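Reader: I am new to this structure. Please show me how to read it.

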Amino acid sequence: MPKFQKLFFSILHNIYMENDSRENEEELSMRSLWRGVITQALMDAASNSKKRSEKAHKQKAIQWLLYDMEDFINVCNLAEMDYQYVRKQAFEALARGCYWR
């Protein structure tokens, strides 16, 4: 696995690491769904694709991760994640040039 992918997965792991108590399946599924939204945004923001449509997704993802307030905070709350921590980790990863694909 390339170095940047290891770094990216390490960041995702740190973001998602929390004390997982016993939950019912519906709560776990909903939290996983919203974490998937955050993961996709991170992947889009870290994309190195040359395709025009992918570049547009990248810019929207970066805008959402780093600057959006209401929607981003709501999604983080639904994912049961600290939005300030997610935003800080995303900013640092992108500043280091962490590219996904």
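Author: We will go from the whole chain to single residues.

This is a predicted model; local features need pLDDT of at least 70, side-chain atom pairs count only at pLDDT 80 or more, and totals for chains, interfaces and linings use all residues. Residues are numbered from 1 along each chain as its sequence is written, and side-chain values use heavy atoms, with hydrogens and water left out.

Reader: What is the average pLDDT of the chain?

Author: pLDDT is the predictor's confidence in each residue, from 0 to 100. The chain averages 84, and 74% of the residues score at least 70. Where pLDDT is low, the predicted coordinates should not be read in detail.

Reader: How many helices and strands does the chain have?

Author: Helices (H or I, at least four residues) and strands (E, at least two) are DSSP runs, numbered from the N terminus. Here there are five helices and zero strands.

Reader: Which residues of α3 are buried?

Author: Buried means under 20% relative accessible area, exposed over 50%, and partly exposed in between (1.4 Å probe, protein chains only). In the chain, 35% of the 101 residues are buried. In α3 they are Lys58, Ala61, Ile62, Trp64, Leu65 and Leu66. Seen down the helix axis, these fall within an arc of 170 degrees, so they line one face of α3. The arc is that of the directions from the axis to the C-beta atoms. An α-helix has 3.6 residues a turn, so residues three or four places apart point the same way. On the other side of α3, Arg52, Gln59 and Lys60 are exposed.

Reader: What covers the buried residues of α3?

Author: The cover includes α2 (25–45), α4 (70–78) and α5 (83–95).

Reader: How many aromatic pairs does a search of the whole structure find?

Author: Rings of Phe, Tyr and Trp (its six-membered ring) pair if their centres lie within 6.5 Å; planes under 30 degrees apart count as stacked, over 60 as edge-to-face and the rest as tilted. The search finds one pair. The ring centres of Trp64 and Phe72 are 5.0 Å apart and the planes at 80 degrees, so the pair is edge-to-face. Both Trp64 and Phe72 are buried.

Reader: Where is Glu80, and what is its phi?

Author: Most residues other than glycine have a negative phi. Glu80 has a positive phi, near 60 degrees. Glu80 sits in the loop between α4 and α5. Its relative accessible area is 42%, so Glu80 is partly exposed.

Conventions: Contact means heavy atoms within 4.5 Å.
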